[in-house]
Amino acid sequence: MSELIALTAAALSEKLASREVSSVEVTQAHLDRIAAVDGDIHAFLHVSENALATAAEVDGARKLGAKLNPLAGVPVAIKDVLCTLDMPSTAGSRILEGWVPPYDATVVSKLRAAKLIPLGKTNMDEFAMGSSTEHSAFGPTHNPWDLERIPGGSGGGSAAAVAAFEAPLALGSDTGGSIRQPAAVTGTVGMKPTYGGVSRYGAIALASSLDQVGPVSRTVLDAALLHDVIGGHDPHDSTSLTDDWPSFAEAARTGAASGSLKGVRVGVVKELGGEGFQAGVSERFAEALEVMAAAGAEIVEVSAPSFTYAVAAYYLILPAEASSNLAKFDSVRFGLRVNPKGGGTVEDVMAATREAGFGPEVKRRIILGTYALSAGYYDAYYGSAQKVRTLIQRDFASAFEKADVLVSPAAPTTAFKLGEKLEDPLSMYLNDVTTIPANLAGVPGMGLPMGLAAEDGLPTGIQIMAPAHEDARIYNVGATLEALLEQSWGHTLMSRAPGHPSAEGGKK
Amino acid sequence: MSSAELMDFDKALELFEPMLGFEVHVELNTKTKMFSSAPNPAAPGADAGEPNTMVTPVCLGLPGSLPVVNEQAIRYSISLGLALGCEIAPSSRFARKNYFYPDLAKNYQISQFDEPIAHDGAVDVELANGKTFRIEIERAHMEEDAGKLTHVGGSTGRIQGAEYSLVDYNRAGVPLVEIVTKMIPGAEQDAPELAKAYVAVIRDIVVSLGISEARMERGNLRCDANISLSPRGSGKLGTRTETKNVNSLRSVERSIRYEIQRQAAILHAGGTITQETRHWHEDTGATSAGRPKSDADDYRYFPEPDLLPVEPSKALIEELRAALPEPPAERRKRLKDSWGFTDLEFQDVVNSGLLVEVESTVAAGASPAQARKWWTGEIARLANAGSVDPSSLVSPADVAALVGLVESGELTDRLARQVLEGVIAGEGTPSEVVEKRGLKVVSDDGALIAAIDEALASQPDILAKIRDGKVQAAGAVIGAVMKAMRGQADAARVRELVLERANSSSS
Amino acid sequence: MTDSTPSPLDAVQVAHLANLARIALTPEETEKLTGELGVIIESIAKVSEVATPDVPATSHPIRLTNVFRPDVPGETLTVEEALSGAPERDGDRFKVSAILGEEQ
């Protein structure tokens, strides 16, 4: 069965449709894989008890000739930031340990309606605050490429699950790079949609104006297939767009088949590279640009001066919104309740609960956000950050006049070692330097593999961004680039992963 | 709680000039809540409901939940703004008001901060003495209501001394419009009455717009009254207090009067007024200090990121403007004329804050004179005795039904008062109370004649006296019959029958 | 809201902020946070350099307006679903210990 877990979702979809395999077999294969490797990887916080039963139901429906979504019967892991009726939803936090919501997130409902098989909930930095998954209250996730290294964050669990072949697909969320940066350091693909492209209803909020839910996979086509399932307008989410989205799978297939980037202007953002970037990352990036140029792309350098303020603005806007969004965790209606010794007023209980239930990074950001919003400081901090946002949107707008897509490394380094950056929050924050601008502006961005870094043999990723609403363009160009790169390497990146089933013979 | 010293009201007015301000919260009667599709307990006919039965994840502030704005609430808010003579903002936004409290499911309230939907209006308020005040409206903004807390274990059912509290989120998310006045100088000794009359006008407006049930005793309309005293001739503004828990028109008037007296006494003795929220107690007729607020007012407002700006089109605004009912002053004139009341009679109704009730009762079929008689008469008397507003005792529909029963002869006036008591006590509609208590006037002539015969049996010579021309002798029979029938007879009919008897029989 | 360059963050302020945010920080945490936040705030304060008065603020990445829903009742949670996460309940209501502050 190990061959099943090495397959892409698209390939599984074909085998399921032709009845060559059943969803029960596919699901069992992945559950076995989880049992075999997750002790070391710790991508999952919860494995579903209903997976096989759901798979059997889907097999039954297929036998009856029901018309099914291409991904029906394909297993999917779900980042624990999303509410699931039948599984705990902790957002990686002790304050929600064991909480089972009375409702499904909209994207989860869509998964179920399309008959994908929820495999379980994946690990994450607590409340999505982090770039390494080390801030999970339940222990870190380990990078399948090197277990002593981080898998990225905040969605390290979803990326690792997919990179370790524990699931062909996963859902993640991205507020400042939490899908794209883990993709880069695990050799996988992750897409942050245009803001509003996918519903946030049921996604435990971090920063409301920045959060988006998106697909995590091993190929561009797989991400597109999953994006097709979860995207679209949701009346429960006022910020969701009413666009009539085209099929992203089709965009990906077209891109993969074309092999040419003729007529595509690829913008390289000056401010998203250079100093502070690992040599191996910059090398692979330069090569990727050459590959694109050789395929007919016009490489243009663009400048976005306000991007140098992006991280600063982000670390004002996010904590401010988060400090408000996290106020609801107060011991009253759900989650942890800690009664201080000797009892106390409800104010005491709230304060004791939040002290015990939140980790240090969360407390740091809540205090920072409270400060940024407080009387006398609003204009200088939050107010100013919102203005930087305007400048960043303007810079994107003018960049997109000169380029059809913008590219940069998706992360400045390869996966660093666990514990390396924990004592220096500021250096941790700089991991998001290339991904943050897209969240501030609301434009879509994808992280996909661009090769292994020479100095450490670890994955690096390239980020492709497009104007708001042009997600299809990213799938198109991304699929072309992916095909070109794989052609130039002679293999897929993931086939070189230590955990790849064909490479094993028993080895983990 | 020791009682505060109060200065004589007139003396207080000599020394100080009162400055007023009001924040009135109106619960809209839309079918669903402001930001969720849960049913609205403030909708017409809606029940308070069993606790936590009218909630969605949004009402409970569950992780991942998101607000979505109720379109009808927007329309109602715009209409209210227009009726208050306000400008409607071409673009307004929601903002988060952040503070922790167990009845606030998200620990922030979605409200509006520096971009309210309506601003800069005015309402004219007429007083009993004929003076008209123009009260300037600073703004009207939309927000959501909080849940309901019940405090358990203390002796008063209030927060102080309670052991624990229980939370019901049915009310959480009910749409509110908060109407804030500019500071109101110049009310002088009319301040208490002006306060009451202003709230009555707001009530009038929202009822005639049909956007709120406006039942103060149910919290559909809530008034926070701000008052400060400025020492005469000083040109300096005083420190203001804000009084909450003012649940009736009656309380509005009383609490303003009380605060003037209380503050005057303190200031005159050389003390200072603490800027604080105070709590009105209708039973003791006094305000008490609220608990000190440690966070002061740092609500850390910022634009609500989960909601988008509200930008009503000019066409919508004009549509709503055209649909406005007539302004209060015009409406009052029209009603007075159509009812045929004298100025005094009409003022009586208005001053008692009963215009809405009388109008609704007339709409339900009663004659204006009867409606006025009952509301300003018996019902007001009972309300006063119970320290509540008349409108909280009985519905206009029931009063109209009662009037109908009297007019049809089924009840005498006296019986009707008993029926009213039964309705107020919750025994049912007037007809139901009549049934249950068996209070119907006997209209069956046969029964009356039988009673008359019985009465005559003990006074046989009465008929002869009547035939002799001493008609007033009939009184004794009538009295006896009424007594025997426990008042459940129409005295006039009994008299007729007695006289018929007298004239038709030969002794 | 007066607005000159804000003063650097000290431990007293951090303690006040923690109170506003209802987090019972230990003295050690307060001290550590004060140091960390000081560094962070220094680096993010530069946003005010470019945030000139002529630049409008953006609070939403996308230009939507007038997003409403019709006034039609939808599904509610059952009482059991609503109370399902309650750390403490009394009948059909959430139970909390005595409240110190007043409602706003």
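**Reading loops, domains and interfaces**

Guide: Let's start in chain A, where Phe165(A) sits in the loop between H6 and strand E4 (169-174). Helices (H or I, at least four residues) and strands (E, at least two) are DSSP runs, numbered from the N terminus. This is a predicted model, in which local features need pLDDT of at least 70 and side-chain atom pairs count only at pLDDT 80 or more, while totals for chains, interfaces and linings use all residues. Residues are numbered from 1 along each chain as its sequence is written, chains are lettered from A and ligands numbered from 1 in the order in which they are written, and side-chain values use heavy atoms, with hydrogens and water left out.

Visitor: What is the phi of Phe165(A)?

Guide: Phi of Phe165(A) is near 65 degrees, a positive value in a residue other than glycine.

Visitor: Is Phe165(A) buried or exposed?

Guide: The cut-offs first: buried means under 20% relative accessible area, exposed over 50%, and partly exposed in between (1.4 Å probe, protein chains only). Phe165(A) has a relative accessible area of 1%, so it counts as buried.

Visitor: And where is Lys115(A) placed?

Guide: Lys115(A) belongs to the loop between helix H5 (106-113) and E3 of chain A. Its phi is also positive, near 70 degrees, in a residue other than glycine. Lys115(A) is partly exposed, because its relative accessibility is 31%.

Visitor: Which kind of peptide bond runs from Gly153(A) to Ser154(A)?

Guide: That bond is cis, with omega near 5 degrees. Ser154(A) is in the loop between strand E3 (117-122) and helix H6 (156-163) of chain A.

Visitor: How is chain A divided into domains?

Guide: Domain bounds come from an automatic or database domain assignment. Chain A has domain 1 (3-307 + 389-496) and domain 2 (308-383). Taken over C-alpha atoms, the centres of these domains of chain A are 28 Å apart. With contact meaning heavy atoms within 4.5 Å, domain 1 of chain A gives 33 residues and domain 2 of chain A gives 26 residues.

Visitor: How much area do domain 1 and domain 2 of chain A bury between them?

Guide: Buried area is the accessible area (1.4 Å probe) that two parts lose on being put together, summed over both. For these two domains of chain A the value is about 2,600 Å², 69% of it on carbon and sulfur atoms. On the side of domain 1 of chain A, Ile95(A), Met129(A) and Tyr429(A) lose the most area to domain 2, together 29% of what that side buries.

Visitor: How many residues do chain A and chain C bring to their contact?

Guide: Chain A brings 63 residues and chain C brings 60 residues. Chain A and chain C bury about 5,300 Å² between them, 67% of it on carbon and sulfur atoms. Tyr309(A), Ile367(A) and Lys387(A) supply 12% of the area that chain A buries against chain C, more than any other three residues.

Visitor: How many salt bridges does the rule find across the interface of chain A and chain C?

Guide: There are 3 salt bridges across it. One pairs Glu29(C) with Lys363(A), where the closest N and O atoms are 2.6 Å apart. The rule also finds 19 residue pairs in polar contact between chain A and chain C (both at pLDDT 80 or more). Elements giving two or more residues to the chain A side include helix H11 (310-325), helix H12 (346-357) and helix H13 (360-373) of chain A. H14(A) gives the most to that side, with 13 residues.

Technical notes: A salt bridge is a side-chain nitrogen of Lys or Arg within 4 Å of a carboxyl oxygen of Asp or Glu. A polar contact is a pair of N or O atoms within 3.5 Å; within protein, one must be able to donate a hydrogen and the other to accept it, and residues adjacent in sequence count only if both atoms are side-chain atoms.
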